[in-house]
Amino acid sequence: MESFKRFGSSILDLIYPPVCMHCSGVTGAADVLCAKCWMKMRPITHPLCPVLGLPFEYFLGKGAISAEAIANPPIFDRARSALVHNEVARTLISRLKFGDREEMATFCARMMVFAGSELFGDNADPLVKKDRPVLVPVPLHPGRQWQRRYNQSTLLARAIARQAGLKIEPLLVRRVKPTRPQIGLSARQREKNVNGAFAVVPQLLEKLQGKRVVIVDDVITTGSTVNAISAELKKNGVERIDVISFSRVVIGIDDEEI
Ligand SMILES: [Zn+2]
């Protein structure tokens, strides 16, 4: 029976061989990228801006922050992203939104846990363990969540929580104002669009007991959404707020289409 099943699955592999998550080229295993697409991913690694997490071309000296962080200081403390938002990152996120949700969330979260290691702390160190943050996904408006039935940021936050041993508070921040999609809006329009769009649920805020918050998002474009959420959290007494996203738009790198 067992060998029959194996025979059956290898026949299935011949009929439907596993394909690359980006280009649909044939691969050796399911839920992976082919070598060519893997090479197209642009992980954001050091040196980077310690505030915005933007990649630096070269090391600018200890504590040096980006021109963007100086010109527009964010309300959150630190942001980190796993990848530069390019064609491959965009495909992976759309698969997360519209396709193989669980597998994609696990795949993306693995990179986010690595990119956000400075924000998440380490379970092994008891001192650090006490200071571990709570993950808060960027909420969708209830209407949109109903249409789509799930929230991709919550999927990512749950996968990160599982992998890094962190707690998640998915209902702490609510979207109280429907906003138009941010695509095609200028930085200022984006800021206006999300202004007053979020509210904190006071009963859940109490449960935080002064813990740090890490906001989880799929893509950061100008940062206006995570900034609006940070403003609301700060207003309600949350002192330390960081942000982790799967990808982020980096002007000048692969930003042909946002
Ligand atoms: Zn490929």
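Which residues in α4 meet Arg101, Met104, Ala105 and Cys108 in α5?

## Contact between α4 and α5

In this predicted model, the residues of α4 that meet Arg101, Met104, Ala105 and Cys108 of α5 are Leu92, Arg95 and Leu96. By class, the residues of this contact comprise five nonpolar and two charged, with no polar residue.

Two packed helices are described by the angle between their axes and the distance between the axes. Helix α4 spans residues 87-98 and helix α5 spans residues 101-115; their axes come within 7 Å and cross at roughly 140 degrees. The arrangement of α4 relative to α5 is therefore oblique, and the crossing of the two helices is left-handed.

## Glu87 in α4

Helix α4 also contains Glu87. Glu87 has 15 other C-beta atoms within 10 Å and is therefore partly exposed, since a residue counts as buried at 20 or more such atoms and as exposed at 12 or fewer. Met41 lies 46 residues away from Glu87 in sequence, yet the C-alpha atoms of Glu87 and Met41 are 8.5 Å apart in space.

## Helix α12 and its surroundings

Helix α12 is formed by the 12 residues 224-235. From first C-alpha to last, α12 reaches 16 Å, close to the 16 Å expected at 1.5 Å a residue.

The helix is mostly covered, with nine of its 12 residues buried: Ser224, Thr225, Val226, Asn227, Ala228, Ile229, Ser230, Glu232 and Leu233. These buried residues pack against the strands β4 (173-175), β5 (198-200), β6 (213-220) and β7 (241-248), and against helix α10 (187-194). Just after α12, Gly237 adopts a positive phi of about 95 degrees.

How values were computed:
Residues numbered from 1 in each chain as written. Predicted model: local features only at pLDDT ≥ 70, side-chain atom pairs only at ≥ 80, totals over all residues. Axes fitted to C-alpha atoms, helices over the stretch in contact; angles between N-to-C directions. Helix = DSSP H or I, 4+ residues; strand = E, 2+ residues; numbered from the N terminus. Parallel < 35°, antiparallel > 145°, perpendicular 65-115°, else oblique. Left-handed = near helix turned anticlockwise from the far one by under 90°. Contact = placed C-beta atoms within 7 Å. Nonpolar A, V, L, I, M, F, W, Y, C, P; charged D, E, K, R; others polar. Expected span 1.5 Å × (residues − 1).
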